[in-house]
Amino acid sequence: MTLLLVGLGLGLAGAIAGAILPVRVRVLGTAVCSSGACVMTFGAATRVLATGHAVTLHSAAVLPLTGIDLRLDPLGALFIATTAGVGLAASCYGVGYAEHALRSRTATAMFPLFLTSLLLVPATSSVATFLVAWELMALTSMLLLLVEHRHRAAARDAFQWYASMTHIGAAAILIGLVLLATNAGGQTFTDIRTHAATLSPALRSIAFLLVLIGFASKAGAVPLHVWLPRAHPEAPSPVSALMSGAMVNLGIYGIIRVSGELLGGGFLWWWLVVIALGVLSALYGALHATASSDLKRLLAYSTVDNIGLVLIGVGAAGALLVTGHRSLAALAMLAALFHLVNHSAFKGCLFLGAGAIERATGTRDLDRLGGLTRRLPFTTVLFAVGAFSISALPGFNGFASEWLLLESLLHGFAAHGAATLVALLAGVAALALTGGLTAAAFVKAIGIGFLGQPRSDGAANAHEVTPSMLAGMALLATPCLVIGVAPGLLATALDRASGVALGTSSATPLRAGLGLGLPGIGSAIEPMLLVAAGLAAMLFTFGVVRLVARRSVRRAEAWGCGRELQTARMEYTATSFAEPLGRVFADVLRPDHDIEVTHVAESRYFAQAIHYQTRADDGIERAVYRPVISLVAVWGAFASRAQNGSVHRYLAYGFVALVIVLVALA
Amino acid sequence: MTATVTTSGLGASIVTSIVQLVMIVLGGPLVLGVMAKVRARAEGRIGAPIHQPLRDLRKLLTKESVHAEHSSAVLPIAPFVLVATAAVAIVVSPLVTTTPVLEHSADLFVVVFLLLMGSIVLALAGLDAGTAFGGMGSSRAMTIGALAEPALLVAILALSVQAGTSNLPKIVAATLAHPSWAAGPERLLAFVAFLIVILAETGRIPIDNPSTHLELTMIHEAMVLEYAGPELALVTLGEAMRLGFLLSLAASLFFPWGIATSTNPAHIVIAVVALSAKVVVIAVAIALLEVRTAKLRLFRVPELLTGGFVLAVLSVVTGLVTR
């Protein structure tokens, strides 16, 4: 606990340092404090995960009326350790990034504060403390989103979406938790947990739905995701990495903590709703990721996709728990948590990589990138590690967790009840479909973004980014590879966390050495052996080819179908790459096409110029949110008619109101 | 005592896995030759000898490598990754024997994602030269792959639900123990889905035409247009291995009879012969299908693959309902 408090204290010290230090030392000072905070909290969290014992703290001094309650148990510790890892990488990366942005007083003060709040949320153990930490996280992230608003107007738009969604969500969480606290007779999590069974089913279900709205919107689950593809891309890249790698996790944390742990599982339909949200998010996110040509937007939609996969696992765990399959439930929960941790590593790495590209080339539009392998060799390799991990290729961490997720669903087919089976089957189908779509999206990201010829001057004149930025990316790429070859290393920690989440004392049917195995169904993976076999096969093939084949290599112009010159304009772009999939899934993506043909003056059979534009807007935003926004706007216009600034009119309102009150009282 | 038994068991399974590998490395190109021969005969031509693809490989190995001007290290590395992923998939899968080396890792998910890895690096190689044709090939190949991989995964998953494991050797062993499963409706549905995936993954008619050289209709050929010499030989070999592997996997999963359940050399020989016979039957059937059908328009292909995916899901549903 001391380590945790020292860590959080360092975070606050970083915020103060960022606010008062002169500009030259400000960036370095805050980075040192934030890194220290991450290292300390990581140490505290790993100790709890290693021993399995929770530590608690109550202090009446800090927060008036209720005091603060902190409790670090394995479930919270897993989230804190993950956040600390991403936070350390982002802090390190921020030093190099701050040469350009994130150096204003607001930015340097808010970044450590945001990080501290992210580290604090999973350690809180009462409704009041939780809500304070949650709101701190929301406010600091909003301010960080606005840091670059002078350069990009889109940041302001993103801010409005984020602010409204996050406050609607926070209000729902507030009402839900307060409802539970008042009826349980105490506001600490322990009170709620002990009295949960005595609460009426209707009350529990209402509270569940309220907190689900709040937490699912923070996690970015469809249809509450609309802020995410705007806010995550528009934030400065280290903040994007923290948002996608740590903040969305806390939405999942909230669902697990409140509905799973505190309310003890509840009813089957809760979890079927969660699985439905997951399936919807996974497919919708994956489809939009394949269609996006803005690199950070692609990554943001892929976050929606991965959060969907995690929700499928969490929902399956809840459903299996409620139907009485405790150990299968623990396995599904373990798989979901595993994927969440892996997602933090690779998505953090990818967002930092996208920031590096933006820094080096001045754009993040894939249609204007290309030819970066020679200009940004290290960034290319680190980004590729992230991309291969997210595509679940064997030997990378995404593979291990997606395998486990699929196995846990396959295991779950042992359950009975048509509704559960249908939900699990939908989960399997979604997992399979997103696998292929994610691969297409990330082939596009690497193939168009890094390979080929540069498509703009910015890409042609790019230079490798600073060592601190590369170190930040490497800090997240390393776990992708290590967990990828030896997924068994995390098994104990995940097992403890999932045990807490479901209120069971572990005992998942998972056997872990370096690989993972499920003796119950006789399935296992040993990624290290697979990687070794693959490398051996490559070396052998290489040797054979060296022996028997001619060794001369000639450089020549690419085949141009008889045309002499191959320019960058003839290359495929991200938009053209995604066009066939966009057409296949046109019903969901509904892309808008604009074609303008200018004819030459002499004859309309000859075109002078063709202007083609295509965009895939968020269909849910258009269908659900736009009508609501226009209703609000109509109401606003109506209300503003009553408020025209005339003192006479306001006096008249006062008089009329007084008369009404008098009449009513009389 | 136990240790020596395990070691000799390991040694034997390594040997049989190498038998599998050699068989597919040589057999994959021969299957291509058989299919070309069947097509030629059906069209009233004599056709090239069956071992022509192997001769082509030898010829390509002696030629010079040509790299496109703007290409990076991805272009020369990709063929090795393609061959290596196919080789690992072949080594771990139950094709000749139900006890291949690394049998515990022979998971359906492992095999599907190894194949996906090969497809991904090849698609990246297609984009590496920065040409319009390579991009077109990669884009189309990934579009088809994005729909074919899920169908393959779910089709094998249907067998897993029935056998209660996703471990491929155990699925094959369970099928041997319950011969009546092979005639079940879920197997039929899964088999059709699997066949559609094979056509898509290996670029056969009606999805892609392997013998086309008209740029605008090419998918696979457009993607590998920049390859020459030994690297083209590796790409061709890798694709032939994938074809041979998928056909053998279909044969083993759906009609496993003849597969060796021990390391007895006589059984292995029988298994090699049986597998060759099964693969040739499926290959001839596909070749005859190719002669009789026209290539689909590109944007009709997803409908076929979605059909395959739906069949695979239906197969899982059938399995769950009838268990």
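Modeller: Some ground rules come before your questions. This is a predicted model, where local features need pLDDT of at least 70, side-chain atom pairs count only at pLDDT 80 or more, and totals for chains, interfaces and linings use all residues. Residues are numbered from 1 along each chain as its sequence is written, while chains are lettered from A and ligands numbered from 1 in the order in which they are written.

Colleague: Which helix gives the largest share of the side of chain A that touches chain B?

Modeller: Contact requires C-beta atoms, placed from the backbone, within 7 Å. Chain A brings 71 residues and chain B 74 residues. Several elements of chain A each supply at least two residues, among them helix H15 (397-412) and helix H20 (527-548); helices (H or I, at least four residues) and strands (E, at least two) are DSSP runs, numbered from the N terminus. The largest share, 15 residues, belongs to H16(A).

Colleague: What is the bridge partner of A:Arg554 in E1(B)?

Modeller: Strands pair if DSSP finds at least two bridges between them. E6(A) and E1(B), residues 65-68, pair in the parallel sense over 4 bridges. The partner of A:Arg554 there is B:Val66.

Colleague: Is B:Ala250 buried or exposed?

Modeller: B:Ala250 sits in helix H9 (residues 229-254) of chain B. It touches B:Phe194, B:Ile198 and B:Ile282, not counting residues up to four places away in sequence. The cut-offs are 20 or more other C-beta atoms within 10 Å for buried, 12 or fewer for exposed, and partly exposed in between. B:Ala250 has 20 other C-beta atoms within 10 Å, so B:Ala250 is buried.

Note on methods
Two residues are in contact if their C-beta atoms, placed from the backbone, lie within 7 Å.
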